[in-house]
Amino acid sequence: FKGKWIKVSKMLENEAKLVKYEVCNMCNTVNLIIKTTVFIFLILLDLLTKFLIHNNLFLNQSIKINEYFDLVYVQNFGVSFGLFSGYVSHWILILIALIVVILIFYLFIKSDKQLEKLAYFFVIIGALSNIIDRLINSYVVDFILLHYENFYWHAFNLADIYITIGIIMLIMSFFIKSKTIK
């Protein structure tokens with residue numbers, strides 16, 4: 001009787017492991033679907049806002065929303081803050097950006113911290129969205145202009161916000177103990 005009980009016990013243990021494995025796979029699939037949906041949604045949101053600005057405002061036109069915020073249509077032929085505008089071909093900028101995205105994706109894959117992975121995820125979304133915009137137009141559409149009295153920040157877009165959020169999260173991940181992914 002003892003031998004049969006051990007066999008039944010082993011069978012139940014193996015069955016429990018199989019169920020646990022299937023549940024984990026289902027959770028991973030749902031997690032992947034959610035991440036893919038967020039990824040696509042954020043890129044489409046950025047591209048849609050750029051499309052609306054591009055097709056509804058004249059170049060350099062500004063619409064005052066309040067005393068701190070304007071919508072403006074700016075064509076950014078350079079990188080951050082318009083650096084290298086007119087000095088480097090948009091194809092070179094695209095190539096450099098793709099290399100950076102590949103590097104960040106490698107860091108994303110290698111990371112075992114949740115916060116760090118999420119930070120890389122946001123940076124990749126923002127970078128890819130700006131790359132797509134540059135592929136479409138040969139420049140990046142910037143349209144958010146923040147200011148206070150006579151101080152004006154450079155115009156930016158939603159993709160830039162995604163990148164900034166990712167960088168802030170990455171800096172935080174250096175100081176905050178984050179859950180590790182097994």
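Tutor: D46 and K50 are placed 4 residues apart in helix α1, about one turn of the helix; helices (H or I, at least four residues) and strands (E, at least two) are DSSP runs numbered from the N terminus. The model is predicted, so local features need pLDDT of at least 70 and side-chain atom pairs count only at pLDDT 80 or more, while totals for chains, interfaces and linings use all residues. Residues are numbered from 1 along each chain as its sequence is written, and side-chain values use heavy atoms, with hydrogens and water left out.

The side chains of D46 and K50 form a salt bridge, at 2.7 Å from N to O; the term requires a side-chain nitrogen of Lys or Arg within 4 Å of a carboxyl oxygen of Asp or Glu. Side chains of opposite charge can pair when their charged atoms come close. D46 is buried, its relative accessible area being 0%, and K50 is buried at 1%. Buried here means under 20% relative accessible area, exposed over 50% and partly exposed in between, with a 1.4 Å probe and protein chains only.

K50 also bridges to D133, where the closest N and O atoms are 3.6 Å apart. Because K50 lies in helix α1 and D133 in helix α3, this pair ties together parts that are 83 residues apart in sequence. D133 is buried, as is K50. Through shared partners, the salt bridges join D46, K50 and D133 into one network. The structure holds 2 salt bridges.

Helix α3 (114-137) also contributes at least two residues to the lining of the largest pocket, as do α2 (90-110), β3 (140-148) and α4. A pocket, on a 1 Å grid over the protein atoms alone, is an open set of points where a 1.4 Å probe fits, with protein on both sides within 12 Å along at least five of seven lines; lining residues have an atom within 4 Å of a point. The largest pocket holds about 780 Å³ of space. Its lining comprises 28 residues, of which V79, S80, N130, D160 and I163 lie nearest the centre. Helix α2 provides the largest share of this lining, 7 residues.

The second largest pocket has a volume of about 390 Å³. N28, N31, L32, K35, F108, Q114, K117, L118, F121 and I181 line the second largest pocket. Here α1 (2-56) and α3 are the elements that give two or more residues to the lining.

Definitions and conventions. Points joined across faces, edges and corners; volume = space filled by probe spheres on them.
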